[in-house]
Amino acid sequence: MVERKKKDGEQWLARAVSHARPEVVRTTFTTSIQRVSRIPGQVGEFSGRAAGILTRKEARAVHVRLTLTTLFITLLAILVAAVGNYLSLTHTPEDSMDRYMSALERGDYIAGIDRGAYSDFTYTYLTNSIYRAAQGRVENYTITGTRKDTTGQVTASVLATVAGQDHQLTLPLTQIPRTGPFNDSWELATPAQSYLTLTAPVALAGVQVNGQSLDLPVTRRTETGAGYQWVIPTLPGTYDFTLPSSSYYTLNHADHVITAPLPGQGPATQELTLDVRPSPRMWNETNNLITSWLERCESARRLDVAGCPTSLLHGEDSTTTISNVSWELTDRPAFYLVPDRTDPTVWRASRYRQATFEVTYLADGKAQREIIPFYINAEVVSDGTQADISVGLGGSEESEAQLRQAITSEDAAKSTLQKFVASLENTP
C-alpha cells in the first residue's frame with residue numbers, strides 16, 4: 001500500500017513536470033522530485049542510529065571514551081582532595097606554631113582558638129572585630145626553634161612582642177596521627193585560649209567589648225546564685241566591657257577590664273562581674289510614667305478612681321452625695337530605683353517616704369477636705385535592650401499600655417504620658 005502511494009505521488013509529479021512550460025519551472029520540479037525520493041532512505045538511516053543501532057566498532061569506541069572520562073574525573077577529584085587536605089594540615093611543629101601566632105598577630109579570633117573550644121555549645125564567642133580592637137595583642141613574633149626531650153615531648157620556643165616588650169614563650173605540641181599518607185599533623189598540647197566567666201545580676205541581652213557589640217544569647221547562659229553567667233573563650237589581649245549608651249543599665253564604675261594572658265604565662269580561667277545599675281534612660285522613662293499616672297489621678301472627678309488613692313471617709317458603700325471633687329498632689333518625694341530585696345532582676349521605686357494628695361469636695365452640700373498619704377510604687381524588669389515598666393499603688397501597678405487605656409477611657413486631660421510615648425518613639 002505504501003509503495004503504491006509512493007508511485008502514485010511520483011507519477012503525479014512527473015506529469016506536472018511534463019506539462020510545465022518554462023524551462024526553469026521544469027528544472028525546479030525535477031530537482032525537487034530527486035530530493036524527495038531520497039528522504040525515506042535518510043529517515044531510515046537516522047532512525048536506526050537514534051534507536052542505538054551502532055556497529056560493534058562504534059559501540060566499543062563509545063565505551064572506551066566513557067570509561068576514560070570517568071577515570072579522569074575520579075583521579076582529578078582525588079588529586080584536588082589530597083592537595084587540599086595536605087595544605088590544610090600542619091605537618092611540622094613549626095607549622096603549627098606559625099599558624100597559631102599568625103592568627104594572634106593579625107587579630108583572627110576564629111582561627112586563633114582551637115577546635116576544642118567549638119565542641120561545647122554553651123560558650124559565647126567573640127568576633128574578629130572585637131579581638132582586633134583589643135589592646136595588648138601580639139604585635140610580631142619569631143619562632144626560635146623546637147626541641148624534643150627524653151620523654152618524646154616536643155616544645156616550641158617563640159619570641160613574641162606585646163606593647164613593645166619581648167616575651168619568651170615555650171609551648172608544648174603533640175602529633176596527631178591520621179590515616180592515609182601525609183595526613184599526620186601537629187597541634188598545641190594545651191588550649192590556645194583562656195576562658196572568661198562573665199557574671200551579671202540581670203539577664204543582659206548584650207554588652208560592648210572593646211567598643212564593639214556582643215550578643216549574650218539566652219541559650220548560652222546559666223543561672224546561678226550570683227546571677228547570670230556566660231563563658232567566653234579569650235585569646236591574649238585586653239578586653240574592656242561596657243554597656244551601650246542606649247541601654248537601660250549602666251555600670252557602677254568604669255573599670256570592667258580583664259587581660260587574657262599569653263599562653264603559659266597566666267591563669268587559664270578568669271572571672272568578671274558587671275556591677276549594673278539603672279541608666280538615665282530607665283530612670284527617665286519610669287519617672288515619666290509615674291508622672292503620667294499621678295496626672296491621671298489628679299484629673300479625676302470622683303473619690304474612688306481605680307488604681308488611684310481613694311477617700312478615707314467615703315468608700316464605695318457610702319450613700320453620701322458627692323460633688324465638686326478636686327484632687328491636688330501636694331507632696332511627691334524624690335524618685336530613685338533600688339534593686340528588689342529578693343530578686344536582683346527587678347528594680348523598684350524606693351519607699352523611703354510617702355507622697356500626699358489633697359482632695360476637696362462637697363458631701364451632701366458640705367465642704368470637705370482630706371489629706372491622703374500613699375506610696376508610689378514602680379517596678380522595672382529589663383534585659384538592657386527593652387524594659388517592662390509598671391507604676392501605681394501597691395498591688396495595682398499599671399503598665400504604660402494599661403495607663404494609656406485608662407486615661408483614654410476616662411477622657412482625662414492631656415498628660416505627660418503622650419510626651420512619654422513620644423520619647424519612646426524617638427529613642428534610637
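This is a quick talk on the salt bridges in this structure and how buried their partners are.

Okay, so before anything else: what we have here is a predicted model. Going through it, I get 7 salt bridges in total, and I'd like to walk you through some of them.

Let's start with arginine 106. Its salt-bridge partner is aspartate 108, and the closest N and O atoms sit 3.2 Å apart. How exposed is each side of that pair? Arginine 106 comes out at 44% relative accessibility, which puts it in the partly exposed class. Aspartate 108, on the other hand, is buried, at 15%.

Next, have a look at helix α7, which covers residues 280–298. Here arginine 281 and glutamate 285 pair up through their side chains, with an N to O distance of 3.1 Å. The two are 4 residues apart in that helix, so about one turn. And buried or exposed, these two? Both glutamate 285 and arginine 281 are buried.

The last one I want to show is aspartate 340 with arginine 348. Their closest N and O atoms are 2.6 Å apart. Aspartate 340 is buried, with a relative accessible area of 16%, while arginine 348 is partly exposed at 31%.

Conventions. Residues numbered from 1 in each chain as written. Predicted model: local features only at pLDDT ≥ 70, side-chain atom pairs only at ≥ 80, totals over all residues. Heavy atoms only, no water. Salt bridge = Lys/Arg side-chain N within 4 Å of Asp/Glu carboxyl O. Buried < 20%, exposed > 50% of the residue type's maximum accessible area, 1.4 Å probe, protein only.
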